[in-house]
Amino acid sequence: MVKPWMKNILLIAGLYNILWGSWVIFFPLHVFQLTGARLPQYPEIWQCVGMIVAVYGLGYAIAAYSPIRHWPIVLVGLLGKVFGPIGFIWSIYNDVFPLSFGINIIFNDLIWWIPFALILKKAYNANQCSPSVKSISLEEFSHYPERFRAKFINSLSGIKSSNLIGTINDDGLTNLCIVSSVFHLGANPALIGLIIRPDSTRRDTLENIRQNKFYTINHVNESILKQSHQTSARYNESTSEFKACQLTEEFLDNFKAPFVKESKVKMAVELIREETLPENGTHLIIGKIQHVYIPEDTLEEDGFINITKAGSLGVNSLDGYVKGDLIGRLSYAKTDKKTEWL
Ligand SMILES: Cc1cc2nc3c(=O)[nH]c(=O)nc-3n(C[C@H](O)[C@H](O)[C@H](O)COP(=O)(O)O)c2cc1C
């Protein structure tokens with residue numbers, strides 16, 4: 001949207017203002033003498049005008065680098081260039097200045113009206129433009145190629161949690177896999193849900209949970225992001241992703257499944273029930289939280305765990321990882337009370 005002429009106009013306007021302002025500051029009486037106007041009683045006030053004009057010049061020069069973004073500087077400049085001539089007409093009417101003094105008005109104000117107005121029009125149009133909306137029907141997205149569709153649909157549920165599920169089979173072989181489907185199911189009893197893809201192919205995590213009934217959920221953080229993502233690769237069943245992906249398994253408090261040492265927020269979970277969803281063959285795993293490990297400083301007085309302090313990451317679709325940024329906490333919503341920041 002930014003055209004070279006817009007930048008050039010603002011640069012020239014900036015330079016002009018600085019030069020004109022400096023002239024007035026250093027030779028305050030010169031313009032009065034040249035135009036035959038009465039000399040001012042307090043030239044300092046006129047010098048002050050020169051200083052303001054010069055400082056505006058600096059503003060125009062800055063605006064030149066991004067005229068659309070800095071449109072308010074252009075607007076304020078144009079307003080000055082409109083009100084200035086109005087004041088001059090008033091002073092001519094009252095016989096304060098000779099008409100010859102108007103030479104200043106022509107070069108300081110009038111010649112800039114059109115280019116400044118055009119820059120403002122461009123800025124207005126640019127700010128009016130919003131990204132165009134793409135409308136996609138079921139008919140269209142159901143024909144997307146498989147991988148494309150998976151990422152597309154997976155994006156739609158918003159930012160999800162990213163967790164590593166730690167499991168172990170009856171032979172003592174550990175397994176680790178990243179999931180984005182862990183969700184809160186209820187606080188009392190403390191239930192947590194997880195969705196595992198259909199077992200049309202081998203699903204080690206699912207098999208291990210079925211065998212062992214115990215598993216761990218470990219938040220992904222930035223320091224282990226690449227390793228965590230790598231656990232989604234299809235390693236053969238005799239390979240532990242802990243070892244293959246350079247993550248450290250640890251057993252805490254005699255719990256029967258491995259935790260990820262590098263994870264800062266982790267929990268021990270016992271399988272309560274598995275439900276295969278008839279709609280698509282995915283498995284809903286309902287677990288009961290047995291034990292929780294969190295950094296001391298993340299727990300707030302009212303029970304809120306500030307997981308952003310622990311650096312827990314979220315995920316957009318299947319590969320876009322996001323860092324949490326806590327905007328703030330809001331009060332418990334009540335019909336007779338306004339929501340407030342805590
Ligand atoms: C960001 C991300 C999120 C994932 N979320 C899930 C999920 O919620 N459920 C699932 O079954 N697989 C999910 N996967 C795929 C598994 O990580 C992948 O299928 C893994 O190989 C399964 O390992 P397993 O065979 O050891 O159980 C996800 C993969 C990635 C990269």
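The model is predicted: local features need pLDDT of at least 70, side-chain atom pairs count only at pLDDT 80 or more, and totals for chains, interfaces and linings use all residues. Residues are numbered from 1 along each chain as its sequence is written.

Start with the strands. Helices (H or I, at least four residues) and strands (E, at least two) are DSSP runs, numbered from the N terminus. Two strands pair if DSSP finds at least two bridges between them. Seven strands form an open sheet in the order 3-2-6-9-10-5-4, and the pairing is antiparallel. Its edges are strand 3 and strand 4 (183-186), and each of these pairs on one side only. On average, neighbouring strands of this sheet are turned by 35° against each other, direction ignored. Axes here are lines fitted to C-alpha atoms, for helices over the stretch in contact, and angles run from 0 to 180 degrees between N-to-C directions.

Helix 9 packs on this sheet. The helix touches strand 2, strand 3, strand 5, strand 6, strand 9 and strand 10. Its direction makes about 50° with that of strand 2. Contact means that the C-beta atoms of two residues, placed from the backbone, lie within 7 Å.

Now follow the sheet pair by pair. Strand 2 and strand 3 are antiparallel and share six bridges. Ile165 stands opposite Cys177 in strand 3. These two strands make a hairpin with five residues between them, where Gly172 takes a positive phi near 85°.

Strand 9 and strand 10 (residues 283-293) also run antiparallel, joined by 10 bridges. Lys266 faces Tyr293 in strand 10. Val269 has Ile289 of strand 10 as its bridge partner. This hairpin has six residues between its strands, and Gly281 in the turn has a positive phi of about 75°.

Stop at Thr282, in the loop between strand 9 and strand 10. The cut-offs are simple: a residue is buried if 20 or more other C-beta atoms lie within 10 Å of its own, exposed if 12 or fewer, and partly exposed in between, with C-beta atoms placed from the backbone. Thr282 and Arg197 are 85 residues apart in sequence, yet 4.8 Å apart in space, C-alpha to C-alpha. Leaving aside neighbours within four places in sequence, Thr282 is in contact with Ile195, Ile196, Arg197, Pro198 and Leu277.

A second open sheet has three strands in the order 1-11-12, with antiparallel pairing. Strand 1 (160-161) and strand 12 (320-323) are its edges, each pairing on one side only. Strand 11 and strand 12 are joined by four bridges. One of the links pairs Leu313 with Lys323 in strand 12.

Next, look inside. A nonpolar core is a set of buried Ala, Val, Leu, Ile, Met, Phe, Trp, Tyr and Cys residues joined through C-beta atoms within 7 Å. The largest has 27 residues, and Leu164, Ile165, Leu176, Val179 and Leu247 touch the most other members. Elements that give two or more residues to this core include strand 2 (163-168), helix 9 and strand 6 (214-219). Strand 3 gives the most, with four residues. Apart from this core lies another, of 12 residues, among them Ile9, Ala13, Tyr60 and Ile119.

Five of its six residues are buried, so strand 3 is largely enclosed by the rest of the structure. Leaving aside neighbours within four places in sequence, Val179 is in contact with Asn163, Ile165 and Leu194.

Finally, turn to the ligand. Which residues are the closest to it? They are Cys177, Ser181, Asp204, Thr205 and Ser232, out of 18 that surround it. Strand 3 gives the most, with four residues.

Definitions and conventions. Near = placed C-beta within 6 Å.
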